[in-house]
Amino acid sequence: MNLLALKEITKTYGEKILFRDLSFGISKGEKIALVANNGIGKSSLLKIITGKDEPDSGEISIKKGLRIGYLTQEPLLDQTLSIRELIQGTHSKVLQIIHAYDSALKAQGGGKNKEEALLLENAAIKMDQYSAWDYKDRLKQMLARFKITKLDIKIANLSGGEQKRLALALVLLDSPDLLILDEPTNHMDIDLIEWLESYLSRSNISLLMVTHDRYFLDTVCNRILEIEDYKLYHHNGNYAYFLEKRAEREEIERTETDKAKKLMKKELDWIRRMPKARTTKSKARIQNFDKIKEKAKSKVSLPEIKLEVKSQRIGGKILEVKNLQKSFGQQQIIKGFTYTFKKGECIGIIGENGVGKSTFLNILFGNEKADYGKIRWGDTIHKAYFKQKSLEFKEGKRVLELVKDISEVIIMANGSKLSASQFLNHFMFPPKMQQMHIEKLSGGEKRRLQLLLTLIQNPNFLILDEPTNDLDLLTLNKLEEFLMNFKGCTLIVSHDRYFMDKLVDHLFVFKGEGIIEDHYCNYTEYRLKSDQDKSHKPKTKEVEVKTKESERPKKASFKEKFEYEELDKEIAILEAKKKELESLVQDSGNDYEKLQKYSQDLSLLIETLDEKSMRWLELDELM
């Protein structure tokens, strides 16, 4: 049975048709990815499903009582609140249910009042419905996992990435029946993406998501819905299976179109010299000609983006960085970094959020000053910077005007010249879109325009900060193809493991505290090497270092290690006992004495579990 079903959903935006007559369902346990080019309206479809927008026509059927969790591409959080206030407001219903249960439990006391017992029973049922029994435990664990520790900080003081992490943590905490995610991996470091990937793969939750992260999609999803030319194609498999089946479909369509073109030519000759006698057979043949003509002129391939620009000649000297240092107060970002870039290198940069990757790029590009060190660019180097920050433009500016501000004529790789309008066509911006105001473009279309404006500068040294965010799969594949053939140097910060594995020669790994390691491998090779190093790390004798007690990093003692292991076992036993008591509360029926006893036992157990979980988290930090 479907949790949710869409029937013939159509949506337009002005004169533009986003999608037409879409019909599909989502069953329990299914994990579905929605794939389409930018501008097709993937985010709009998610909003319609969650009730944030209305379709022009069609029907949506939702199972009664279905709880939907929705993460938007750019979360709109109240900037005036603190994290604590946001949590209390977002989960006010759950907190009210917990408060009502606690009140009913206290009111019950030692008496046998039937009315009070009924209130307690109803409160316990609500606790079940909203998974509220272990809410406080899950809240602590989820916030710790997403590195959210200071609950009194204002939302306005959080970065875009921190706000996205907070929004995702709150959505997962809701334990919805159906989870809808719009680009969940944007602004997240790789470790957190891999945790989320594992969490979603293991859970029984139903999922519908839009993502450009192909490893994430490949690991998590078991079904892909593709929208192309207003048609919906179903692929029961992962990303690799989808690519295979889409290629097969395109080849079949290409063959059929070629056949239709040949047949149309033959039929056109027949019509021109058709005899005057109008037989029934000849009339049917004329009618069939229109169908052949339509098939022959049908669109058989995805729109092509041609990333071809003329790069300037690159000389012997490219970029020399010597003893670079940068700090913000007590936090050291770069500590004595030295490197000489070589011709044709493609270097990836990885590390946790906040360790200084974007700061490093800004220093190289000259947008920020280093505390110390030298940066020498070669005379022939023409650099361009594709920033993580969204495209900046004046309101009311049209797409074509923005491109013309940079250049009226663009020189292509083969030496040919294109006008700004022709170049926009290369990037799937047809004449009608070129006259659109930029603010009316989708997030992905703005990102594609930003890429165009970077490449139009004809660089031979490209700096790319999270270039894959919000790009559709077609644009991503074309960008990868362009970079693989790019003769200049490329420096990439990205959390997209597929993108990094395909392109980079080696990695700059930001370890924190100013340390940057250089590894000659791609991301997957680095991760395997790191895991092997951790598992085979030899035990070394501890060297005594005389330091002040306050300066010595705190380590877990033998007693704390033993306590940590014992707590792990105790929590597992308590969790099992909690589930057993929850079942007993639910099965008590009208036996008010049993209901009272089990509810009181459960309340005490949850308090104990809270205390032990908090202690376990403290010890886990030490471990």
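Predicted model: local features only at pLDDT ≥ 70, side-chain atom pairs only at ≥ 80, totals over all residues.
At least two residues each come from helix H5 (135-145), helix H6 (160-173), helix H7 (190-202), helix H19 (558-587) and helix H20 (592-622). H5 gives the largest share, with eight residues. The lining of the second largest pocket is made up of 19 charged, 17 nonpolar and five polar residues.

A separate element to describe is a sheet. Three strands form this open sheet, in the order E11-E10-E13. Their pairing is antiparallel. Strand E11 (331-340) and strand E13 (372-377) stand at the edges. Each of these two has a single partner strand, so one side of each is left without a neighbour in the sheet. From one strand to the next, the twist averages 20°.

The pairing of E10 and E11 can be followed at residue level. Strand E10 (residues 319-328) runs antiparallel to E11, and seven bridges join the two. Glu 320 has Thr 340, in E11, as its bridge partner.

A helix also packs on the sheet: H11 (residues 357-365). Helix H11 touches E10, E11 and E13. The direction of H11 makes about 130° with that of E10.

Conventions: Residues numbered from 1 in each chain as written. Heavy atoms only, no water. Helix = DSSP H or I, 4+ residues; strand = E, 2+ residues; numbered from the N terminus. Nonpolar A, V, L, I, M, F, W, Y, C, P; charged D, E, K, R; others polar. Pairing = 2+ DSSP bridges. Axes fitted to C-alpha atoms, helices over the stretch in contact; angles between N-to-C directions. Contact = heavy atoms within 4.5 Å.
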